[in-house]
Amino acid sequence: MNRSDSDESTYHRSPSLDSKDCPGPHGSFRRYSSMYGGQFGANTSFFGLHSNPGPKASKAEYKSPKGSKYVVFYLDLSFIFLLELKRCSMAQNCLHCIKYLMFVFNLLFWLAGCGILGVGIWLAVTQGNFATLSAAFPFLSAANLLIGTGTVAMIVGFLGCVGAIKENRCLLLSFFTLLLLIFLVELIGGSLFCVYRLQFDAYAREDLKDGLQLFGTDGNVGLTNAWSIIQTDFRCCGVSNYTDWFEVFNATQVPDSCCREYTAACGLHSPETWWKEACYERVKMWLQDNLLAVGIFTLSTALVQVVGLTLAMVMYCRAVRMSECYT
């Protein structure tokens with residue numbers, strides 16, 4: 001017995017790809033567009049490909065629902081992903097380069113501090129030929145200055161090395177703070193010296209003259225040797241002139257290092273055999289003649305400190321971002 005049309009109308013068949021009862025020319029696109037958030041309407045173009053093709057293209061669309069436009073979409077996503085991956089890889093390599101550069105930089109800084117500290121200890125133990133010439137600041141001897149400088153350099157280098165290799169925020173921040181304080185002290189000291197240069201010059205002369213009173217006394221072997229070397233090498237005598245020694249010996253006498261031709265007790269002879277130039281002026285002229293080297297050394301030191309500060313801050317910011325990503 002044949003079914004009537006009314007009975008057949010109660011059954012709904014799923015439309016096949018070749019059926020003419022499909023839900024419309026945009027049904028397939030709507031179905032796939034829902035996978036991407038339903039952002040594409042019936043008349044929306046997708047990467048330059050219109051979603052409203054002609055009748056012939058409509059049949060091809062149903063036969064191949066994952067058509068060329070979806071392939072283009074996947075290719076675009078892959079291309080963007082590869083570009084992002086390459087960018088992240090380059091950034092990661094750059095950060096690794098900064099990390100190891102900072103480590104090597106601070107390792108050299110630490111080794112230099114070890115060398116300076118060793119020289120300072122050697123001078124302090126052996127009572128070398130270099131000592132303070134100041135009576136007001138006897139602790140500012142060459143040995144003490146080297147020991148202090150070497151100790152600070154070792155501490156700063158250690159903080160930088162461990163902080164860089166471990167990427168520890170506390171160590172990196174401590175390194176940055178300590179190095180910044182050193183840089184500011186040097187900057188302020190240099191500025192004050194330039195502003196009050198005349199006052200410093202007058203004070204240094206008087207202090208050096210007072211230090212002559214310690215020449216040849218017990219416990220001041222370093223000062224005695226320092227004055228002897230200065231007067232011999234710079235061919236000078238006294239701070240301002242050779243008469244500065246008359247107040248020290250309470251007589252017309254100078255150290256034997258003031259003699260043009262060194263012999264025993266030559267300082268008791270006629271003043272014609274002594275150097276007439278002032279040691280303070282000779283040393284000052286020597287510094288002026290080597291001002292270029294002093295300036296290069298000063299600028300190099302400042303540049304090294306600025307580079308260290310920059311690397312430390314970059315590493316610290318990276319460590320902060322990494323910690324935020326894992327929290």
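Me: What does the side chain of Asp-244 reach, and at what distance?
Reply: In this predicted model, the side chain of Asp-244 reaches the backbone nitrogen of Ser-240 at 2.6 Å.

Me: Where is Asp-244 placed?
Reply: Asp-244 is in helix H9, which covers residues 244-249.

Me: Which side chain of opposite charge is nearest to Asp-244?
Reply: That is Lys-209, 4.3 Å away. Asp-244 is buried and has no salt bridge.

Me: Now Asp-207. Which helix is that in?
Reply: Asp-207 is in helix H7, residues 197-211.

Me: How far is the nearest side chain of opposite charge from Asp-207?
Reply: The distance is 12 Å, and the side chain is that of Lys-209. Asp-207 is buried and has no salt bridge.

Me: And what does Asp-207 touch?
Reply: Asp-207 touches Leu-133, Ser-134, Ala-135 and Ala-136, with residues up to four places away in sequence not counted.

Me: Switching to the surface. Which residues form the nonpolar patch?
Reply: The patch consists of Leu-181, Leu-184, Leu-187, Ile-188, Leu-192, Val-195 and Tyr-196. Together they have about 690 Å² of accessible area.

Me: Take Ile-188. Where does it lie?
Reply: Ile-188 lies in helix H6, residues 169-195.

Me: Is Ile-188 buried or exposed?
Reply: Ile-188 counts as exposed, because its relative accessibility is 52% and the exposed class starts over 50%.

Me: Backbone next. What is phi of Glu-167?
Reply: Phi of Glu-167 is near 55 degrees, a positive value in a residue other than glycine.

Me: Where is Glu-167 found?
Reply: In the loop between helix H5 (142-166) and H6. Glu-167 is partly exposed, with a relative accessible area of 22%.

Me: What about phi of Asn-250?
Reply: Asn-250 has a positive phi of about 55 degrees and is not a glycine.

Me: Which loop is Asn-250 in?
Reply: Asn-250 lies in the loop between H9 and helix H10 (279-289).

Me: Why does Asn-250 count as exposed?
Reply: Because its relative accessibility is 68%, and exposed means over 50%.

Notes. Residues are numbered from 1 along each chain as its sequence is written. This is a predicted model: local features need pLDDT of at least 70, side-chain atom pairs count only at pLDDT 80 or more; totals for chains, interfaces and linings use all residues. Side-chain values use heavy atoms; hydrogens and water are left out. Helices (H or I, at least four residues) and strands (E, at least two) are DSSP runs, numbered from the N terminus. Buried means under 20% relative accessible area, exposed over 50%, partly exposed in between (1.4 Å probe, protein chains only). Lys and Arg count as positive and Asp and Glu as negative; His and the chain ends are not counted. A salt bridge is a side-chain nitrogen of Lys or Arg within 4 Å of a carboxyl oxygen of Asp or Glu. A polar contact is a pair of N or O atoms within 3.5 Å; within protein, one must be able to donate a hydrogen and the other to accept it, and residues adjacent in sequence count only if both atoms are side-chain atoms. Patches are made of residues with over 30% relative accessible area and no salt bridge: like charges are joined within 9 Å, nonpolar side chains (Val, Leu, Ile, Met, Phe, Trp, Tyr) within 5 Å. Accessible areas come from the Shrake-Rupley method with a 1.4 Å probe; for residues, only the protein chains shown count as cover. Contact means heavy atoms within 4.5 Å.
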